[in-house]
Structure formats: structure tokens, C-alpha cells
Amino acid sequence: MARLSGVGLEPSPASNDDNTQESPPFFNTTFSTHRVSPLHVGSEGLTPARLETIARRLRDTLVGDIVRGIQVGLQATETPVGQVGPLKAVQVQWFQASIVLGGNADEQNQRGLWINIRHENAAYAGILLPGMSSSNGSSSEMQDQATNPGQGGFLHLPLLLLRMPLPLKNVVSDWLSSTFDCRVSRMTLGTKTILGVWESWIETIGLQNNGPDFVLTLAFNMPLPATRDVAEDGSNNETIRDPEAPGLKSVDITISPNDLQRFARAGEGIQPQQQNMSNPWENNPRERRRLAGGNSDDGWAWRAGKDAKGHPFTEALARYLDHHLALNLFHPSVRVTQISCGGFVLGQSRLKILRLGELSDGLTRAAWAFVEQLGDRIKGGQLPRVFSTSFDG
């Protein structure tokens, strides 16, 4: 069973060549997901000369922290002491998204920023991408908004993917905030985005009858009610259970590849379940939100919205769980926190897309759809009331 916990914090092997790679790593790499407010770059934008200056300042920040004994925490995580070696290079440069993801002519102009931190034996990466939402308009319009300074000199590169240890994430996020006068916050993906990625992956790539099992993790926003346990002798020694203590934390649903195809076929003929007006939360957005928790991506309200899309696999799985486990998948308190399959692993704040062999057309389309789903999440999600540049993993 694939897991995200502890995956991706280990450094990537550094190239023996001092020359910079043409593009950042993407496939077969575990990233944490973050959102960034518009970068203030001034009217001149980010020219090669300015990027070189910015990279030098980041290097000075990292070296300065090491000199002061902070060590940027590289030896404080899963990296053995001395394994990464001395810092060799820090580079900040533009890259073509089509080189990383593959693409066609409509996607050739999409650009992002690559933060490349290389040690003697390891490399860490940060990738800033435009919000390539499928509902944001044409590719040229998105690119113009993303990488050409508009009024006030702002660039829009809202999606930040980081592959580095936690303490280094904090240093890089603080550096981004101070350099570009922006805010960096963790982007927590929820049920809508995770399932949307899976359904679009099925539509684009299809399902294979071999490979690893499909694992879907459900979590529940249902704390146990307060109860009183009276002692056997009838005394007044009562135990009051904490009302905030969680009940059932999570359930893993494991499906074999052969059964995945059966679910997908069955779901094609299933109509979405109609609302049950006897449920008090069906027509009460406030109650639905209370049951769903603070993530606007959860709660299942999007199934009945004007932009709702068909999710055949999800509908079939919901019928199966209702019949065999009496579990209402579409209850607002039920949420999907992770999907692991032969093509990718996607959790609430981490992602990894797998690539075996050459980059196929199908994987290219799926990768772009993957990034577009994240762009939709940034566009549709409400910004947090309080931004934080500290990361918890």
C-alpha cells in the first residue's frame, strides 16, 4: 500500500555535472503543495540578470544560516549528518512548463520559476507555476497574467511545489515573502480536488488490469459526544469523555486493478443520487459547512452545483459502500484525504505523479489535467484568514 508519510523528504541525487539542468524534476518526485499571493517584481520583471541577483541573495541566506549554526535543518530530518555535502549552487530561473509536462503548441508559452538548491550529494527544488486552471480562459491570457508584470508590477505564480526538508521549506518561504512581498501558505487539498484528479485520470489514461492496488483513504469529521461512565459500585466517580476526542479516524478502501474496471463500467450507467430532503444539512449550507470542517474543498456541496461534473467511479463506489457498509459517502462529515494508485499518489498536501519509461501522450494530457485541477483549487478556494509561512510537514 503506497503511503505519503515520510516520502519525498529524502534529497534527490545531485548531478555530477556543474551545469544546470534544463528543467526541474516533476515526475517520480514527491512535492508538498502551497499557494502564493502575487509576486511584486516591479515594472522591469524578472530578467536573467535580476534572477541571478535574487539567487545570490538566497545563497547568502542559506550560507549565513549555516554560519550562524542554524544549519537550515538539513541534518535535522531524515538526512544523515554530512550526507548532502557542502552547498554548491543556488539558481533561480525560468523554465518552460511544456518541457516538464510535455505539451502541444497551445501550452508552449506556459512558464514557471524553478528554485534549484544543489549540494554536493543532493538537490532540492521549488517550482512556481501559473494557475493553469481549465476555467481561467485561453492559454495566452493565462501566460500574460502569470509572467508579464501587470499594473503595479505583480506576477501571478500561485502554485508552489516544494521538495525539501521542513526547515528548509521555512527558510525558502520566508525568503520568498521578503523578496517578493508575498504570502506563502500551505494549500490543503480536499475531496473535490482529489476525486476530480482521479476521475480525470481515468478518462485520460484509462485503467490497467495489473499493477498495485488502488487505495482510497476516508476520514471523518465526527467527534465522539460527551458521555458519563458511572462506577460499578454506584458511586459518583464519573468519567467525562472529552467531547472533542475523535471517533473513527480513517478507513482505507483497497480495490484490486481488475475490480477498478468493474467499478468504472458500473458507474457509467448510474445517475447521481438525488438529495434526501429529510437530512437537515441538505438545504442548510451552514450546517453542511459545520459538518464538513474548515476546508472548502470538502462537504460534497459541489455535486449539486452548477459546475458539477459526472464522477462515474465515485458514484459506483458510493453505492457499494452504502450497500455493504451502510456508509453514506456523500455525508458532509465524510471526506477523501488520499488516493494512491499505479499512476500517482495524491494527499491533502502532497502529490507524486509516477512515470515509467518515456513520456507518453496520455501521461502528458493527464499531467496537464493534474496541474489544472490544482489551479482550479487555488481559484475556487478561499484564502485563509491568517497566512502562515510555517509548515508542519
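**Nonpolar cores and a helix pair**

Among the 58 residues of the largest nonpolar core, Trp 198 and Leu 218 touch the most other members. Such a core is a set of buried Ala, Val, Leu, Ile, Met, Phe, Trp, Tyr and Cys residues joined through side-chain atoms within 4.5 Å, where buried means under 20% relative accessible area (1.4 Å probe, protein chains only). Helix 9 (residues 361–380) gives the most to this core, contributing 8 residues; helices are DSSP runs (H or I, at least four residues) numbered from the N terminus. A further core, of 33 residues, lies apart from it and includes Ile 54, Val 90, Ile 117 and Tyr 124.

The model is predicted, with local features needing pLDDT of at least 70 and side-chain atom pairs counting only at pLDDT 80 or more, while totals for chains, interfaces and linings use all residues. Residues are numbered from 1 along each chain as its sequence is written, and side-chain values use heavy atoms, leaving out hydrogens and water.

Trp 198 also takes part in the contact between helix 5 and helix 8, alongside Leu 195, Glu 199 and Ile 202 of helix 5 and Pro 312, Phe 313 and Thr 314 of helix 8; contact means heavy atoms within 4.5 Å. Helix 5 (residues 191–205) and helix 8 (residues 312–325) pack at an angle of about 115 degrees with their axes 8 Å apart, the axes being lines fitted to C-alpha atoms over the stretch in contact, and angles running from 0 to 180 degrees between N-to-C directions. The two helices are therefore roughly perpendicular, a term covering 65 to 115 degrees.

Note on methods. Parallel < 35°, antiparallel > 145°, perpendicular 65-115°, else oblique. Buried < 20%, exposed > 50% of the residue type's maximum accessible area, 1.4 Å probe, protein only.
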